[in-house]
Amino acid sequence: MPLSTDTEQTNPAPLERRDTPVPRKRVELNLFWRTFFLLSVLLFGSILAWLQTLRALEFEPRALHTAQQIASLVNLSRAALVHADPIARVSLIKTMADQEGVRILPREPGDRFELLDNSDLGLRLTEELTRRLGQGAIVAQSVNDEKGLWVGFTINGDANWLLMDRSRFTPAGGRTWLIWLVTAGALSLAGAAAIARLINQPLKRLSFAANRVRDGDFAASRLDEEAVTSEIREVNIGFNRMAQKLAKLEQDRAVMLAGISHDLRTPLARLRLETEMSVSDEMAREHMVADIVQLDATIDKFLDYARPDHVTLTPVNLRGVVASCVYAVQDHRELQISMDVPEDLNVLADEVELARILSNLLENARRYGKSADTEVTRVEIAAKGREQWVLLKLRDHGPGVPPEQLANLTKPFFRGDSARTAAAGAGLGLSIVDKTIQRMGGIFALANAASGGLVAHVQLQRAGMAEGAAEAHQRLHRPLVKRKLPPRATRN
């Protein structure tokens, strides 16, 4: 019997796959990434605007300051050389070259020079030096293939070059701006991630607590009532009070159901005894007894639904439990069961609860999964291990369920359409199955088979092979006791 594929390890799928197109999923961002993305865009935009503003504000002052320094250096050099005698002039030129890195060289008619580049800063610097030093001033970036910052000027009609280090003029290059941008971007992203995490952490805790309340785990849903932020603190306090009230209501409901069910048992027992002893009409007596048995079975459902949520999980051999449940109903005239469960398949479960789950599913199939032509329910049970999970499937060949009602079948007291409600019941069977499987850390799902019938999917945690070997041996070799299903219910 085919089971689910590798992609269905955590979410059970039908025994027979339908060839239906898979809808395209919309790309969704959670709140953390959306906040992070918006903060990142804001910060990057601010950084780019800041860099552009810095460059605009730095350009003019830097050009003026550099031009002023160079013009002052040229004028001081010219004045010193004009007023110095020839011997002192040689010493002065040597001292300027050694200590200030400034050389004064004669300008020859054959000198080859390359003017300063045509960048905004270069043009602005050339314009400012020409204005300060006169129209004959030349600003070059190389003379006779020697790089540097060259300024041509005259001393008493003699043309000269003043050579200085280009670093006095070189502005911040593209690499420097890139390093600044990358550093600022990295710091901004780290800050955005920290802020987004700080903002979304309370919401993430609230979402987790809400999911725990939805699953009935009220003890694990308590939020911090001493949070620093007043709004978060008020939300946490209100949520905790709501969870406490829901837990109290759930407890009161369970106690009420258990009390009512328990109190009804004794009158029903007396009523059945009186019916069997006092009613002379055999047909009427059988119908009355059947109704009383049905009421007693309904009370059992109430007690099962009101049972506490705590279970103890132990390694259980799945084939042994399934075989026990099948053996108990194998002689029932309305059931035909085929089983395909490996002997070495063990699950982590409560053995009694697991048997109750299988019995409920078999009873549900018996009532509502009859074939239209034979009025007999054919049930196929198959199981297979898939890594850390075990997938168990029970399928009948009945009329199935309308697709819009599948999601409601596990709700308490829900009754489907007449196709699957020919027998009376409390509407708690599948709800008890779903609740019990969740308590054992598993997943329960229902689906219609492609060729007809309803398929119940049970996914449980897998236990080690050695852990359940001894238990499996004992179960497969001990005497089995048949358990009778309630008689077929009749409609009024």
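## Reading a predicted model, feature by feature

User: Where does Val 390 lie?

Analyst: Val 390 sits in strand β10, which covers residues 389–395. Keep in mind that this is a predicted model.

User: How do I read whether Val 390 is buried or exposed?

Analyst: Look at relative accessible area: under 20% means buried, and over 50% means exposed. Val 390 has 2% relative accessibility, so Val 390 counts as buried.

User: Which residues is Val 390 in contact with, leaving aside its neighbours within four places in sequence?

Analyst: Among them are Leu 318, Leu 345, Val 347, Lys 384, Val 458 and Leu 460. Sequence distance and spatial distance are separate things to check: Val 390 and Gln 461 are 71 residues apart in sequence, yet their C-alpha atoms are 6.2 Å apart in space.

User: Now the surface, please. Which residues make the nonpolar surface patch?

Analyst: Trp 50, Leu 54, Ile 179 and Trp 180 make a patch of about 410 Å². Two helices, α1 (31–83) and α4 (174–214), each supply at least two of the patch residues.

User: What is the relative accessible area of Ile 179?

Analyst: Ile 179, placed in helix α4, has a value of 48%. Values between the buried and exposed cut-offs are called partly exposed, so that is the label for Ile 179.

User: What follows α2?

Analyst: Gly 101 does, and its phi is positive, near 70°.

Key: Residues numbered from 1 in each chain as written. Predicted model: local features only at pLDDT ≥ 70, side-chain atom pairs only at ≥ 80, totals over all residues. Heavy atoms only, no water. Patch = residues over 30% accessible without salt bridge, like charges linked within 9 Å, V, L, I, M, F, W, Y side chains within 5 Å. Areas by Shrake-Rupley, 256 points an atom, 1.4 Å probe, with all protein chains shown as cover. Salt bridge = Lys/Arg side-chain N within 4 Å of Asp/Glu carboxyl O. Helix = DSSP H or I, 4+ residues; strand = E, 2+ residues; numbered from the N terminus. Buried < 20%, exposed > 50% of the residue type's maximum accessible area, 1.4 Å probe, protein only. Contact = heavy atoms within 4.5 Å.
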